[in-house]
Every structure is written in C-alpha cells, then in structure tokens.
Amino acid sequence: MEGDTVDANPDIKRTPEKRRDERMQVDAKSVHGDSYRYNMNYPSIGMCYIINNKNFDPKTGMNVRNGTDVDAAQLRQTFKKLGYKVKVDNDLKCAEIVNNLKKVASEDHTNEASLVCALLSHGDDGKIYGTDGFLDVKILTDFFKGDKCRSLVGKPKLFFIQACRGTELDGGIECDSMESDGPAQRIPVEADFLYAFSTAPGYYSWRNTTTGSWFIQSLCEMLNKYGSELELMQILTRVNNRVAMDFESASNIPGFNTKKQIPCIISMLTKEVYFRL
C-alpha cells in the first residue's frame with residue numbers, strides 16, 4: 001500500500017550514560033593544513049557504511065519499513081558517486097550492529113579522509129532499533145571517538161540517521177512567503193563528528209512506503225546536485241529546506257494527515273567539509 005508512514009516506536013525507558021573525561025595528544029598535521037577546511041587529499045575519501053533495517057522480530061512490535069530499500073539504494077549510489085567505498089548490511093540484530101560498527105572503528109583508516117555511516121531503522125530519542133530490540137545511538141558512535149579510533153582523529157565522521165525520535169507530530173504553521181602544519185595539539189575526543197537526524201528530538205520521522213523517506217530522498221538529491229561544489233553544512237541546510245517546505249504527509253490514519261517534518265543537524269565538526277578538492 002502506497003503512502004507516508006512513520007518509523008514508529010514504543011514508549012522506551014531511557015538509561016543514563018556514563019561520562020568519561022579523557023584527553024589525548026594528536027599530531028597537528030592530522031588536524032591542521034587549511035585551518036578551516038578538512039584535508040580530503042588522501043588515497044581514499046573513505047568508507048560509507050549503511051545499516052538498513054526493514055524487517056523486525058514480532059516481539060518488538062515494529063512494523064516492516066517499506067520504502068527503506070529505496071533509501072539504501074539511493075545512499076549507495078550517491079556516496080559511490082562521491083568516491084566512497086560503500087558497504088550495505090540489511091536486517092541486523094542489535095549485537096550485529098554493535099559488532100559490525102566496532103569492527104569498522106577498529107580498522108586502519110590512515111589512508112582515508114573521512115567516514116560516513118547511515119543508520120536506517122525504527123527509533124526513539126537517543127535509540128535505534130536492531131531487528132530484535134533497541135540500543136543507544138551513543139554506544140555506536142562512541143566507537144569512533146578520538147581515544148578509541150585513532151586513525152580517524154582530526155577527520156570528519158558523518159552519521160546520517162533515518163529513524164523516529166519520539167511520537168510527537170508536527171502540524172506545521174501557516175506563514176507568509178519568505179522568498180526575497182605546527183606543534184602537537186590537544187583536541188576533544190568528541191570533536192569532528194556530525195550527526196544528521198531525519199527529524200527533531202521527540203518527533204516522528206516520515207517515510208513514503210514507495211519512494212523512501214523524506215530525509216534520505218532530500219539528502220541524496222542535494223548531495224548529487226551540490227556535492228561537488230558546496231560545503232556540507234550548506235548542503236544540509238538545503239536538505240532542511242527541502243524537507244520542511246516540499247513535504248507533507250498523506251495518510252488515512254486519523255491525526256496523521258498533513259503533517260510536517262524538520263531534520264536536525266548536530267555538528268561537532270571543527271572545519272568545513274568539501275567532498276571534492
């Protein structure tokens with residue numbers, strides 16, 4: 001059945017995360033160069049790892065995510081065009097997600113300029129679903145922190161997450177038209193990450209069962225159009241605009257029709273990301 005649906009989730013009780021105060025020394029050559037632009041002049045631009053979860057164990061209560069295979073295919077094509085080595089894994093359990101990302105982080109990325117990871121699944125705020133349950137997104141991204149994945153220190157680590165972050169619906173609002181090289185340096189282990197979420201905290205994330213999710217559709221469109229010329233944050237701002245202005249839900253479920261969505265970009269990047277030299 002065609003139409004828009006959400007990457008829905010049950011009510012999940014959150015568990016607190018432990019915080020660590022750790023520091024490390026890094027070679028300034030891996031951090032500097034053009035002081036406001038990441039060095040992408042490596043033998044490889046990097047790896048793009050896509051986890052595409054469509055089918056879920058009935059015990060989770062999660063529906064089949066029809067349309068997600070379109071997202072995965074578009075992401076594969078888009079990042080291959082940008083020069084990335086793309087790997088896609090489908091329908092992974094929680095333990096498999098953890099083990100696979102831990103393995104990616106343990107690999108030698110010395111000759112790679114960056115890392116891209118896309119997570120396509122059901123979710124809740126701070127959570128992502130494996131096919132058999134949920135786990136904290138932070139557990140997954142922590143594998144790539146500077147003190148754990150040293151070969152990516154000073155390099156951009158880009159996470160694109162298509163999943164719900166709650167059960168709120170955005171009804172939108174009517175508005176008027178708006179046209180018109182040096183010494184060694186210490187850096188934070190949390191630096192050089194970017195998290196691009198499909199929706200704002202607390203909200204549903206929309207996915208068309210035939211054409212794919214609003215966010216991934218827009219992301220791939222804008223990367224294909226501007227990936228060779230614009231900086232990443234400029235591209236993502238255009239993704240936000242595309243999703244916010246050009247999409248509205250069409251649903252037969254009471255209360256779910258004519259709803260809106262806005263992606264949420266969280267950046268700890270310290271430089272500008274240009275995919276092309």
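1. Contacts of Q162. Leaving aside neighbours within four places in sequence, Q162 is in contact (heavy atoms within 4.5 Å) with D7, R65, D71, L119, L120, S121, S198, S205, W206, S213, F215 and I216. The model is predicted: local features need pLDDT of at least 70, side-chain atom pairs count only at pLDDT 80 or more, and totals for chains, interfaces and linings use all residues. Residues are numbered from 1 along each chain as its sequence is written, and side-chain values use heavy atoms, with hydrogens and water left out.

2. Setting of Q162. This residue belongs to strand β9 (residues 157-162); strands (E, at least two residues) and helices (H or I, at least four) are DSSP runs, numbered from the N terminus. Q162 has a relative accessible area of 0%, so Q162 is buried. Buried means under 20% relative accessible area, exposed over 50%, and partly exposed in between, with a 1.4 Å probe and protein chains only. The Q162 side chain also makes a polar contact with the side chain of S213, at 3.2 Å. A polar contact is a pair of N or O atoms within 3.5 Å; within protein, one must be able to donate a hydrogen and the other to accept it, and residues adjacent in sequence count only if both atoms are side-chain atoms.

3. Cysteines. The structure holds 0 disulfides, a disulfide being a pair of cysteine sulfur atoms within 2.5 Å. For C48, the nearest cysteine sulfur is that of C117, 7.9 Å away. C48 is buried at 1% relative accessible area, and C264 counts as buried at 17%.

4. Helix α1. Residues 68-81 form this helix of 14 residues, which reaches 20 Å from its first C-alpha to its last, close to the 20 Å expected at 1.5 Å a residue; the expected span is 1.5 Å times one less than the number of residues. Its buried residues are T68, D71, A72, L75, T78 and F79. Seen down the axis, the buried residues of α1 fall within an arc of 135°, so they line one face of the helix; the arc is that of the directions from the helix axis to the C-beta atoms. The face turned away carries the exposed Q77, K80 and K81. After α1 comes G83, with a positive phi near 105°.

5. Sheet β6-β7-β8. These 3 strands form an open sheet in that order, with antiparallel pairing. Two strands pair if DSSP finds at least two bridges between them. β6 (123-124) and β8 (133-136) stand at the edges with a single partner strand each, so one side of each lacks a neighbour in the sheet. β6 pairs with β7 (residues 127-130) over 2 bridges. K127 in β7 is the bridge partner of D124.
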